[in-house]
Amino acid sequence: MSVHPFNDWSASVTALAVAILWQSALSAGLVAGVCWLLRRSTPVLRYWCWQVVALKLLLMPWWIVAIPLPGFLGEGAAGVSPPAAKATENREGGHDAAMDRLIAPPDGGAELAEREARGWVDFLGQLTWCSWLVLAWLAGIAWQVRCMLLQRGRLRWLLSRATAATEPRLLAVMEQVAAQLGLSQRPKLVLTDGQGIPFVCGLLRPVLVLPRSLMAELDPDQLREVMLHELGHLKRRDLWWSWIPTLARIVYFFHPVAHWVSFRIRLERELACDQLAMTFGGRSAAEYAEVLVQVVSHASMPAALTMGSLEGLSTFWKRRLTMLLSTSQSSPKLSRLMCLGIASTAILACLLPTFQHVPTQAQAQQAEAKKAKGRIYVSASLRFKADGEDEEKTQRNMIIAIDPATGKWQKITDKGHACRVSPDGQILVFSRFDDGIWNCDTGGSNNPGRISDKSGRPVWSPDGKYLVATRQENLDKDNDKARTTPGWKCETWRVDSDYGRNPIKLPLPDTDWVDDWSPDGQWFVTGSDRHPPYGSGYQLYLIKTDGTQQRRLTEGGLNVFARFSPDGKKILFLRQTGKSGNSIWTMDVNGKNAKEILAEIDLASPDGAYWSPDGKRIAVSMFNWELDENGKRVRRAASDAANPRIEIMDADGTNRRQLNLQGGTFDFIGSLGDWR
């Protein structure tokens with residue numbers, strides 16, 4: 001399994017959560033101010049104000065608009081290629097030093113079993129802090145749902161032990177109250193043993209639950225007040241509306257605002273029913289408060305409570321009792337203007353999106369400039385003087401990153417070639433001769449790890465989640481010039497970019513290897529040995545990643561090192577012919593408008609090219625031919641005359657300049673590099 005999709009999703013969820021946290025806190029604060037101004041008005045009005053906040057909490061993840069915001073408010077938390085062309089003594093074409101086998105098929109059973117055994121350990125080790133936060137959030141939701149289900153289970157158990165009320169006095173009072181409130185559906189009345197407070201439950205078949213012992217303590221007027229309050233919940237449809245704050249509290253269990261909103265909704269809901277009971281019952285606030293004290297005293301026995309001493313009551317009950325006077329002095333009915341205002345506010349809140357951070361124009365320009373600049377990664381041998389040393393030394397076969405503007409370079413790792421950088425610029429994958437495919441970070445910590453046991457050249461997927469690579473077998477390698485069939489048998493495999501797991505063989509022709517993966521993720525550009533002269537007449541093909549819709553792009557010569565432009569509209573490649581030597585070309589992705597942008601002139605020859613991150617420039621590996629005693633062109637490594645170098649130019653081949661390496665000289669540069 002790949003950890004990347006989950007890490008990506010977690011990062012987006014975390015960024016969204018940060019935006020929701022501060023914006024919901026701001027909304028709740030505004031509503032709290034409004035409700036303070038409305039503290040003398042009916043609790044029904046305040047109740048609906050808080051319900052709008054709870055509804056908005058649930059809707060916030062579903063409509064998001066990205067706008068420039070201050071970073072502290074909006075920011076969320078928040079592997080290879082195939083046969084190489086080589087300018088050999090035979091100018092008709094050949095191969096670079098190694099047509100390396102790429103990623104091999106799945107390893108043997110024992111090793112595969114071992115990988116499966118450590119799969120979860122590796123998966124957990126690759127999780128980001130955002131992913132751990134999301135896992136904790138999901139676990140919290142599961143715990144909240146579990147607690148809710150247990151509560152429902154206890155309620156079912158209580159109802160199963162309750163008995164239906166048969167006393168005519170109770171049934172008559174309930175019928176009278178239900179008729180007074182205009183209820184179309186009468187609830188079932190049941191009695192329970194033990195302590196507790198009255199309540200109603202049941203969305204479709206409502207039930208009024210009364211403690212038997214409490215009913216024995218209440219006189220008829222007090223019993224009527226209790227029933228007015230409880231049946232008031234049914235009249236107001238509170239059992240249905242209560243699901244909005246309940247769901248908000250489950251999803252945002254970590255958010256104090258969700259719990260505060262739920263508390264305020266519950267308080268205003270009970271006050272609204274208290275107001276209804278006082279209005280229909282004709283009792284004063286003081287008289288009704290005595291009934292509430294008696295009810296809560298019964299539920300909290302053996303504690304004795306009076307209106308003069310409320311010690312031991314929860315904050316909820318204290319607020320409810322102290323707000324009864326102002327509640328009794330307001331009208332329980334909402335005017336049409338108030339109803340229109342609440343409905344308009346709810347609609348406006350639903351239409352208001354959640355705003356997420358995007359960089360300001362200056363930040364975007366800086367990010368674009370950094371992206372356009374990037375660094376050039378190549379395998380190389382260098383002569384340089386180490387810090388504090390007078391003698392020049394040579395270090396071979398290492399991968400370095402070069403600043404294209406200054407020529408300042410940094411060693412990334414040893415013993416690597418055919419390097420490619422992940423789309424996010426964080427991970428470098430490369431091949432080691434006869435020692436597999438490796439990866440390391442691009443920061444220069446030189447901490448490589450092997451992800452495949454076979455050598456090869458990896459190619460990244462555009463989302464950075466996968467690598468594709470081609471396992472190649474050289475057929476009849478001792479008879480190159482007399483070949484009548486393809487010289488290479490290829491198998492292309494896709495693996496997860498982390499640890500090379502989950503290998504999947506792709507249905508590509510066994511004559512083709514993958515050079516690059518299109519930015520939209522839909523296409524491969526492949527080199528192919530399906531046309532003569534076999535072993536040297538490589539052509540480029542555009543192929544869907546599922547092996548369908550194959551289209552030949554080139555004719556004649558040897559064509560390799562193809563790279564998609566960052567916008568996916570062009571393909572850059574090296575072409576080699578016996579007459580013209582090496583040259584760099586571009587063409588449209590459909591093979592049309594092919595154009596030579598850099599030719600071999602005299603002894604100066606290109607050896608490979610790659611796009612800049614913004615697609616406006618290219619970097620070209622160059623070298624000079626040398627002449628042997630017979631006047632034949634040869635390429636010699638570690639020769640001053642070869643003058644290996646990198647030239648940077650516009651994408652059309654103009655404005656050429658040589659990249660001058662700070663404090664070092666190239667002895668050799670590999671054909672394949674990357675610019676990220």
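Here is a walk through the side-chain contacts of this structure, from charged pairs to rings.

Keep in mind that this is a predicted model, where local features need pLDDT of at least 70, side-chain atom pairs count only at pLDDT 80 or more, and totals for chains, interfaces and linings use all residues. Residues are numbered from 1 along each chain as its sequence is written, and side-chain values use heavy atoms, with hydrogens and water left out.

Let's start with charges. A salt bridge here is a side-chain nitrogen of Lys or Arg within 4 Å of a carboxyl oxygen of Asp or Glu. By that rule, the count is 25 salt bridges. Take Arg 383 as a way in. Its side chain meets that of Glu 392 in a salt bridge, 3.7 Å from N to O. Arg 383 also forms a salt bridge with Asp 640, and there the closest N and O atoms are 3.4 Å apart. Why is that second pair worth a look? Asp 640 lies in the loop between β29 (633-634) and β30 (645-650), while Arg 383 is in strand β7 (residues 376-384), so the pair ties together parts that are 257 residues apart in sequence. (Strands, E in DSSP, are runs of at least two residues and helices, H or I, are runs of at least four, both numbered from the N terminus.)

How open are these partners to the outside? We call a residue buried under 20% relative accessible area, exposed over 50%, and partly exposed in between, using a 1.4 Å probe and protein chains only. Asp 640 is exposed, at 62%, and Glu 392 is partly exposed, at 48%. Now look at another salt bridge, between Arg 645 and Glu 647, with the closest N and O atoms 3.6 Å apart. Here Arg 645 counts as buried at 7%, and Glu 647 counts as buried at 10%. Back at Arg 383, salt bridges that share partners join Arg 383, Glu 392, Arg 396, Asp 640 and Asp 667 into one network.

Next, find helix α14, residues 315-322. Which of its residues are buried? They are Phe 316, Trp 317, Arg 320 and Leu 321. These four cover an arc of only 120° around the axis, taking the directions from the helix axis to the C-beta atoms, which puts them on the same side of α14. The general idea is that an α-helix has 3.6 residues a turn, so residues three or four places apart point the same way.

What about the cysteines? With a disulfide being a pair of cysteine sulfur atoms within 2.5 Å, the count is zero. Cys 147 is partly exposed at 31%, whereas Cys 201 is buried at 9%.

Finally, the rings. Rings of Phe, Tyr and Trp (its six-membered ring) pair if their centres lie within 6.5 Å; planes under 30 degrees apart are stacked, over 60 edge-to-face, and the rest tilted. The structure holds 10 aromatic pairs. In one of them, Trp 48 and Trp 241 sit edge-to-face, 4.9 Å centre to centre with 90° between the planes. Trp 48 is partly exposed at 22%, and Trp 241 is partly exposed at 35%. Phe 623 and Trp 625 have ring centres 5.2 Å apart and planes at 65°, so this pair is edge-to-face too, and both residues are buried. Ring pairs also link Tyr 47, Trp 48 and Trp 241 into a cluster.
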